[in-house]
Amino acid sequence: MGRQIVILLLVAMMVATAGEATAGVPGDAGFLSLRMGLGGRNGAMGDTGVAEAADATSVYWNPANMVHARGTQVSLQHLEHFGLFRQECAALTHRLPKGTLGLYFSGFYSETLTRYTADRVGVPQGEFRPYQVAVGLAYAYPFRDFSLGVTGKFLHERIDAYSASGLALDVGITHRSQIPGLTLGAAVANLGGEMTLNQDPYDLPLTVRFGGSYTPHLEGESFAENLTVATDVVLPNDGNGRLHLGAED
């Protein structure tokens, strides 16, 4: 009975947060590197993962899914954007006798930029390298057909002479349905208070995800034998909701 109450409270919190997430204005949120996904497979499947990710990348998509990662798993990622920005990500999950422990790191940075000031337009005033760093510790616990997960993250950002630090929380729930091959999941990412950079406050990129993953396991069907279909509904706090679809075979 106690576990059912916990699940109901978590689902109620996600529903309430979903309403808050859809009320934002585009461009309001900062620290947007937190929305850059982890895992080439998930990216190829349309940026889905709230129910489908079952390896080390689950630390990012839905910490509750960590219970489905076997043994010890590691995920490493390097991304380059527009020849100027780079991101390094690492995630680790380790199965414990009770639950699963996870670690997460994300570093987003750019090449050296030239500083200009408003009163001397066009005159270089030195150089700087902006960056954002996120470090997280996660834990997931299974019971029956459900699992719950939570990630605590420390955030730090620096742009020129200005810096900001803060804390964020991810929470998730996963359900392995009685329908073979069907998994349902929901997660809220980047719950936290405002951060302030150069006396300008901004919201974290709160994101609500929920969706499902289905692997029918049709033996003898050459095309669909290993088929997996996944979908994520994504609700950010600073833009319109989106539906992501993906499949692999």
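In this predicted model, His78 stands opposite Glu88 in strand E2. Local features need pLDDT of at least 70 and side-chain atom pairs count only at pLDDT 80 or more, while totals for chains, interfaces and linings use all residues. Residues are numbered from 1 along each chain as its sequence is written, and side-chain values use heavy atoms, with hydrogens and water left out.

**Sheet and hairpins**

- Strands are DSSP runs of E with at least two residues, helices are runs of H or I with at least four, and both are numbered from the N terminus.
- Two strands count as paired if DSSP finds at least two bridges between them.
- An open sheet of ten strands runs in the order E1-E2-E3-E6-E7-E8-E9-E12-E13-E14, with antiparallel pairing.
- Strand E1 (72-81) and strand E14 (242-248) are the edge strands, each pairing on one side only.
- From one strand to the next the twist averages 15 degrees, where axes are lines fitted to C-alpha atoms and angles run from 0 to 180 degrees between N-to-C directions.
- E1 and E2 are antiparallel over ten bridges; they form a hairpin with three residues between them, and Phe82 in the turn has a positive phi of about 55 degrees.
- E2 and strand E3 (residues 100-110) are antiparallel over eleven bridges, and Arg95 has Thr100 in E3 as its bridge partner.
- The E2-E3 hairpin has four residues between its strands, with Gly99 in the turn at a positive phi of about 95 degrees.
- E6 and strand E7 (residues 146-159) pair in the antiparallel sense over 13 bridges, and Tyr139 is opposite Val150 in E7.

**Nonpolar cores**

- A nonpolar core is a set of buried Ala, Val, Leu, Ile, Met, Phe, Trp, Tyr and Cys residues joined through side-chain atoms within 4.5 Å; buried means under 20% relative accessible area, exposed over 50% and partly exposed in between, using a 1.4 Å probe and protein chains only.
- The largest core has 13 residues, of which Leu38, Val59, Tyr60, Met66, Ala91 and Tyr104 touch the most other members.
- Helix H3 (58-61), strand E2 (85-95) and strand E6 (131-143) each give two or more residues to this core, and the largest share, three residues, comes from H3.
- Leaving aside neighbours within four places in sequence, Val59 is in contact (heavy atoms within 4.5 Å) with residues including Met66, Ala91, Leu103, Tyr104 and Ala138.
- A second, separate core of ten residues includes Phe31, Ala164, Met195 and Leu197.

**Aromatic pairs**

- Rings of Phe, Tyr and Trp (its six-membered ring) pair if their centres lie within 6.5 Å; planes under 30 degrees apart count as stacked, over 60 as edge-to-face and the rest as tilted.
- The count by this rule is four aromatic pairs.
- The ring centres of Tyr60 and Trp61 are 4.9 Å apart with planes at 90 degrees, so this pair is edge-to-face; both residues are buried.
- Phe85 and Phe108 are stacked, at 5.6 Å centre to centre and 10 degrees between the planes.
- Phe85 lies in E2 and Phe108 in E3, so their pair ties together parts 23 residues apart in sequence.
- Phe85 is partly exposed at 28% relative accessible area, whereas Phe108 counts as buried at 18%.
- Tyr60, Trp61 and Tyr104 are linked by ring pairs into a cluster.

**Thr215**

- Thr215 is in the loop between strand E12 (207-214) and strand E13 (228-236), and counts as buried at 15% relative accessibility.
- Not counting residues up to four places away in sequence, Thr215 touches Pro180, Gly181, Leu227 and Thr228.
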